[in-house]
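Me: I would like to learn how to read a few features of a fold. Please take them one at a time.

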Amino acid sequence: MHNVPNLDDASQPLALAWSQTLAQTPAAAATLLASLSAESPPELAHHFYDVLLEDPRAGRFLSHDQVRLRLKPAMQRWLQQILTATPDSINALVAAQRVIGDVHARVGIPVDLVARGARVLKHRLFDRIIAQAEESATAFAAIHCLSASMDIALEGMTLAYTHARERSSRTDAAYRLFSLVQNVSTERERQRALLLDWENALLYAMASQNAEAELTGLAQSEFGLWFTHKGIPSFGESSETGQVGALVAAVDTQLQEALAHADFAARFGALQGIRERLAQIRTLMGMLFERIGELDAGSDALTNLLNRRFLPTVLRREIELANSTRTPFSVLLLDLDHFKAINDAHGHDGGDRALQHVAALLGQLTRGSDYLFRYGGEEFVVVLVAATDVQAEVIAENLRKHIAQSPVQLASGQALSLTTSIGVAAHDGHPDYERLMARADAAMYQAKKRGRDRVVLASDDLPDAPGRQALQRG
């Protein structure tokens, strides 16, 4: 079929199935369906919306004026197109179903209502086919063609509806993750500086004799990791974020090609194209940051870290990224040791200062692409992107040491020493984020049990932690 390549991969099987259905339909059956298109659509469209409006949910997105002025005529045209479909019209028909599905998603029409209406239409048309067909074989062939055609059309709508709803969910997640960019102007300048630092490192590396060893690809740079793991969910997936991602990949490809040149002049010749792409990235990032506003509610009020209600959203996305790109990530669960004793001895002000102090240290000692949460009480969670279990254990040990070596200053001027027990769990491919958190919790519990102020890496032979209510933290 010459028109199928113009469709996307998801639509091509629909077009092929529809074309095969039409090719197998006898001429008499096709003629019968075409005759119905001249007399049936107005009444059927009226019946379709009568059925939908019987459901109270339809009242949220349909009004009688809308039905009369816009939707009924559109339904009539749709029925006529289905009943008179030809192989030459398949491409446009499949594309139209995707557009209809997008509209349904945008308006919020439940898929089951659309499917119900389609079922009612089919049975009305079946009755008319049986009444008008001169032969039972013709009626059977016409019913078969109509049923398959409407099912394929509905499948195309549902496919688009699902994709649109997924995009909407990602946009909603981007909003819920507002505090990833707590201060837009500060974050914009930070990412601009990181991108400029990478470009300067590129120039330096190209001028040296050991560029391969000295330069990290843009995707794995501080900017690249931030964009993949925080930028996209913060901004939401859009044409601009897609362009930035494509430009980052193109930069790294061009970089590898440049490094492959043994000739010094040839390497520098490739720099122009790389720098042009970096300029495009800067422009696009500026546009993205302009769209995001200051949102100042929802983060943990005491520490300004994300609160735990956002953790499932982050972990679901990191698991999706890990499965699609084979990129590892790990989780640290930190619990301050003897926190109840701190509150008892120094009051809640002392406890609050301790929590703020640890939150500040976590911010200083992790990357901008990592996620920091106040998990509740004296517990913190760090989601380390692009980190294996070995790397995560090293980072956790560094955090433990810095916290132990950095006492918090109380209001009285007293320096209060702090220690923390840390459980480390790397994503092992399991799709359930709660299992990952349970493994980190079990490792943290073992760190407590073994004497506190230590790091324990989750493993299969670790016993599960007691229930969180049963475990006496501190």
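Me: In which helix does L311 lie?

Reply: First, the ground rules. This is a predicted model, where local features need pLDDT of at least 70, side-chain atom pairs count only at pLDDT 80 or more, and totals for chains, interfaces and linings use all residues. Residues are numbered from 1 along each chain as its sequence is written, and side-chain values use heavy atoms, with hydrogens and water left out. Helices (H or I, at least four residues) and strands (E, at least two) are DSSP runs numbered from the N terminus. L311 lies in helix α13.

Me: Is L311 buried or exposed?

Reply: Buried means under 20% relative accessible area, exposed over 50%, and partly exposed in between (1.4 Å probe, protein chains only). L311 has 3% relative accessibility, so L311 counts as buried.

Me: Which residues is L311 in contact with, leaving aside neighbours within four places in sequence?

Reply: Contact means heavy atoms within 4.5 Å. On that basis L311 touches F373, Y375, V381, V383 and M437.

Me: In what order do the six strands of the open sheet stand?

Reply: Two strands pair if DSSP finds at least two bridges between them. Here the order is β1-β3-β4-β2-β7-β8, with mixed pairing. β1 (306-307) and β8 (455-457) are at the edges with a single partner strand each, so one side of each has no neighbour in the sheet.

Me: How many bridges join β2 and β7?

Reply: Seven bridges join β2 (residues 329-336) to β7 (residues 420-426), in the antiparallel sense. Within this pair, S330 stands opposite A426 in β7.
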